[in-house]
Structure formats: structure tokens, C-alpha cells
Amino acid sequence: MQFHHHGYVTGDPHLHPAAGYGLERPDELPDEVDVLIVGSGPAGMIAAAQLAQFPGIRTHVVERRAGRLEMGQADGIQARSVETFQAFGFAERITAEAYRITEMAFWKPDPEHPEHIVRGAVPPDDPDGISEFPHLIVNQARVLDYFAEVAANAPGRVRPDHGLEVTGLSVPEDTGDGFVTVTLRHAAGPHEGSERTVRARYVIGADGAHSAVRQAIGRKPVGDKANHAWGVMDVLAVTDFPDVRTKCAIQSHDGGSILLIPREGGFLARWYVDLGEVPADDGGRVRATTPDEIVARANRIIHPYTLDVKDVPWHSVYEVGHRVTDGFDDVPAELTGTRTPRVFLAGDACHTHSAKAGQGMNVSMQDGWNIAWKLAHVLTGRAPESLLATYSAERQVVAQQLIDFDREWSRLMATRPEDLPDPTYLEDFYVKTAEFPCGFMTRYEPSMIVAGTEHQHLATGFPVGKRFKSAPVVRVADGNPAHLGHHARADGRWRVYAFADAAAPDEPSALRDWAEWLGTAAGSPLLRHTPRGADPDAVLDVKVVYQQDHHTIEHPSVPGVFRPRVGPFGLIDYEKVYAADPAQDIFALRGIDRGGAVVVVRPDQYVAAVLPLTAREELAAFLAGALLPAT
């Protein structure tokens, strides 16, 4: 990470100086805010952590619980989420305490003795190297702790206000400069039972499957129940089952199935136990299934092995349901494009499904990040309000894809092995669809922040609309190996990566002409969108990657646009100039044309455009559609 450019830092560099609203942030929730986040789950806290980077925005979080979440129900952290944690600065720390999944064992009935289970295939978790980041298991509460730390340490100093629940919400008919009025009730503390109102320019409803915000704006979950129940329990147990510390899919002949997830800490494990079909007239009775009954069912499934449970810290019973809300903001379908949305839904408030695919928390965090950076840009004058309509357009499609995947995975997990098309169907499905549960299948459609694919051939490994897949490079200034995407922090900036043509760095080239235009021309988006007096990279973080060995590049000879002067002392930023790693050439790894290319990446790490170095007006026009001129 970078620091000292505003003066010598003697303490923790993760603790940024308070600024703006963070300097005199009120102890009590004020009557008027810019963004009110309802719910401090994964979607709400990542939104808070992002918005806290913008100290001019009055961001507040309200949470019904009286304090910190002690034990979360979600625990699966996909590689895309760890990649996101890297952007927020805590990937290494949470990885150190988490359980890492490296493979998955598939158990099924022994053909000779069907009453016994035997181990089948054990495929690697990421057989194709989809990501350099791991697949982790860690308590949801710890994820929230880390995001809370980022939000509290950011310039905006955002901290949740606990013990407050939403009881009402109204959106003004004229949303031009109107505020959403939110009625809150104290659910805990000295004012328990009393109500108050808060006016907010925007509201993010991240308040769970029974969302009061969703009900207030008239949105409805659409979907079905599978009439199938599962018991889930975290246990401390003694067992002779040999793969208890390996992620397992276990299918028995007639007792049902189990999904086994080892937990962090070396001893805890989560068991999803198939409880079978639920009669239509059950009336919810299956939810009264006791831990002892779940354990007994588990023992039948894993025969001839046994499970001796010593402690059950948490358990639940759920019926599989798959639902997506009919819209992710407050604008009715018939009025889309005619007015600005003011209320947004995220996480379980707008999509619910089974827990077995490990997607709920992961997709929810991407919801929160997506809407947070967009709100930040609109509220700080960087982008037009029309940007906010892209949230529902983008995330509702992703949620439906998640539901479709989870419905199929849940169905297969509940199907008897002999009823599948072939004996290896389940594990084949797991390997074939690995990119989706890893979190990397999302691809946004063209919009004001996603360009077309006319020039995709210039960088085939950076598909437009998909997340920017990092690759190794070498930092020219000091020869340090680096991952190009890992330097991008969740600070709300757009990234512009210039991949140089093959000319020597100190010779005339397409890259030098492009850099000269970007740094000096009247039509340059860098000059158009950077506020006067701000650092040159305050809005657009521009980097270069050369094809040559880093020893052949003299940093002072690199065009000045890649060596901006930043901070009050005007110090040179040395972390924007890179060279290809000879052992893992990024040009070859990502299919980048040797004639050069420009790759534009959104603040949430999704590729927005791929262009040739000569398409200057096209780059300027695209960014002019996503960003407003600086004031």
C-alpha cells in the first residue's frame, strides 16, 4: 500500500485521517443524511466501507440488532469475494484465519454394498486456475468485522447505529431534489419502542429476506419453493469419517444427501443434511426438527461411518426456495428511464435461495459494492443521476442467473445417485460450472458504463463486461513482482491501463503519442474529468505496462502522465509503470495485441472498454458518457 505522500505516517497506515463529514460526525443519527443504509449484513457493510471513502457524503447505517453479529449463517467465501477483499485491504488477514478449500470429495453408494458409502472423484476446487485467490470458509461475522473496520478507519468514519428498525418509508412524487422519509423504531436501548423519522437522499435496503424496505416500496419476491428441507448445523464432533476436513458431497442409497463444509479453526464443521421432501400440508412442522434428529439422519447417510456430536453451536432447518424480487429499486417498470431511483434493494432483500452453493453472501457483497460506488459518483458530482438506473439493470440479471444455478445444484444434491444420467454426473457438473460459483461468470451488458466489443480482439483475456482478471507484472521503479489488479483499491476511481506497443520505451511510439494526448490535449478525458487542484489521478488512475524487460526502461524517461505528482508536496508516484514478467508475460496470458491496447476498468473491477491506442476520441466519448466534466 502507499502512504507518506501527505506527510510522515508513524501509526497504522490503514487508519486514514478523518475528513469532511468524518471530522465532526455526530454521535447520534441526524435527522437528514445523504445515504441511509438499512442493515449491516454483507451488502450493507461493503456499501458502507465504499461510501466511507467519500467524506463529503453523509452516510449512516442502521441495524435492528442491538450490537455486533456474533454468529453468521453464511460462511462460504468465493475467490471473487477474496479478490474484492484485496481491494478493501484485508484479503491477507482474513485468509490467514479462514479454512481454505483446495478440493472436493464426492461420496456415493458402494456398488457392491449400497448401504455403505465410498469415496469417488476428488477434483481440485479450481482445476483451471480461474483465480489466483483462494476459496475460503470463514464466519460471516468476521467478514462484517473487517468491513466495519474499513468503514470506521476511512475518512468518513462510518459506524452502524444499532437498535433501529424501519417501520415505514415514503418516496416523494417529485424526486428531483426530494428526500425519502424513513420512519425508524428503537428496537433496543433506552429509547426502545419510540419512533423517529430520518430524511435521506437515497436509501439502500439491505435488511434481509423479510426486508421492510422492500415491502415499503411495493417490490415482491417472485419464485417458488422446492418442497424440500435441509437441516444445517455447525458441530464439534468426533467421527471416523475420513474426509471430515475436506469439502464433501455425500450421496447415500436411500437416506438422502449431505454437503459437508469444514470450518475455520481446525475443529468446527458445517453439515447440510437432507431431510427429504416436505408434504404440501406440512405447515412448517419440518422446521421443528431437532439437532438430535438431524444428527441421526446424518449417521444414516454416512454409514458405515459414525458421527458423535459433542456440541452444536448453531443449527437451523430451511426449506429450499428460489426467489428474485421483481425490481431492485423503487422505479416501476413502466416508469423506467423517466425518473431517478431513490431506494435500492441489495442482498437477501432481493434474492433468496439455498445455502448449498455458497453464493448468498458473495453475490450480496457485489450488490452492495455496485450501488455504493455509483451513489458516491452521483453525490460527489462525478457522474449523472442516470448512472443509478444501471444498478437494477445489472444486478437483477445476476440474481436470476444465481437462482437458476442454485436450483439445478440443489436438485442434483437431492437426487439419488441411481436417478442421475450417469454415475459421475454430479462431480462433472461441479467441475464444468466451476467459474460460476467462483464468482467470475458475471458479464454486464453494454450500457453507459460498459462499451461494445468492437475492439475485443485487442485484449481477448479481458472480456468487456466481466471482471478484470489480474496477471503478474514487474514494477519498473524497483523490480518488484506485482499483480497488476491487486494495486487497485476500492477508492471509487476508474482505472485506465495502457498496454504499450512493441517500440522501445524511449523511442517514438503509439503509446507516447497516446500519453501526450491524454496529458495535454484539450479533449483529454484526464483533463476534462479531474477537478482543478486535485491530484492528477483523483478520478482516472492511469497505468502503463511495457512489453520489454524492466531493466531496459528508465523510469524518468517514461511519459509524465504515468508519473503523476501527488499530495501536497507534489511527490512522484512510482507505482504506475510496469513491465511484462518474462516468466508470465501478461501480453500472452491475456491475449493483448503487440500493437498495444487500452483497457478501461470500472471502480468495481469490471472491464468497461477495450480500445486501440489510436481511438482517442472514442475513449473520450465513452468516459464522457460515464463521468461529468469536473467542476
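Biologist: Why does His4 count as partly exposed?

Modeller: The relative accessibility of His4 is 34%, and a residue is called buried under 20% relative accessible area, exposed over 50% and partly exposed in between, with a 1.4 Å probe and protein chains only, so His4 falls in the partly exposed class. This is a predicted model, in which local features need pLDDT of at least 70 and side-chain atom pairs count only at pLDDT 80 or more, while totals for chains, interfaces and linings use all residues. Residues are numbered from 1 along each chain as its sequence is written, and side-chain values use heavy atoms, with hydrogens and water left out.

Biologist: Why is Arg157 called buried?

Modeller: Arg157 has a relative accessibility of 15% and therefore counts as buried.

Biologist: How do you know that Ala87 counts as buried, and what does Ala87 touch?

Modeller: Ala87, in helix α2 (residues 79–88), is at 4% relative accessibility, which means that it counts as buried. Leaving aside residues up to four places away in sequence, Ala87 touches Trp369, Ala488, Arg489, Ala490 and Gln605, contact being heavy atoms within 4.5 Å.

Biologist: What makes Leu275 a buried residue, and which residues does Leu275 touch?

Modeller: Leu275 lies in strand β15 (residues 269–277), and its relative accessible area is 15%, so it is buried. Not counting residues up to four places away in sequence, it touches Ala229, Trp230, Gly231, Val286, Thr289, Arg297 and Val317.

Biologist: What makes a set of residues a nonpolar core, and which members of the largest one touch the most others?

Modeller: A nonpolar core is a set of buried Ala, Val, Leu, Ile, Met, Phe, Trp, Tyr and Cys residues joined through side-chain atoms within 4.5 Å. In the largest, with 121 residues, Phe88, Phe147, Trp494, Trp514 and Phe562 touch the most other members. Helix α7 (residues 360–379) supplies the largest share of this core, 10 residues. Another core, of 51 residues, lies apart from it and includes Trp230 and Leu458.

Biologist: How do the axes of α1 and α7 cross, and what is the handedness of the crossing?

Modeller: The axes of α1 (residues 42–51) and α7 come within 7 Å and cross at roughly 35°, where axes are lines fitted to C-alpha atoms, for helices over the stretch in contact, and angles run from 0 to 180 degrees between N-to-C directions. The crossing is right-handed, a term used if the near helix is turned clockwise from the far one by less than a right angle, anticlockwise being left-handed. Residues making the contact include Ile46 and Leu51 of α1 and Trp369 and Trp373 of α7.

Biologist: How do you know which classes of residue make up the contact of α1 with α7?

Modeller: Ala, Val, Leu, Ile, Met, Phe, Trp, Tyr, Cys and Pro count as nonpolar, Asp, Glu, Lys and Arg as charged, and the others, Gly among them, as polar. By class, the contact has 12 nonpolar, 3 polar and no charged residues.

Note on methods:
Helices (H or I, at least four residues) and strands (E, at least two) are DSSP runs, numbered from the N terminus.
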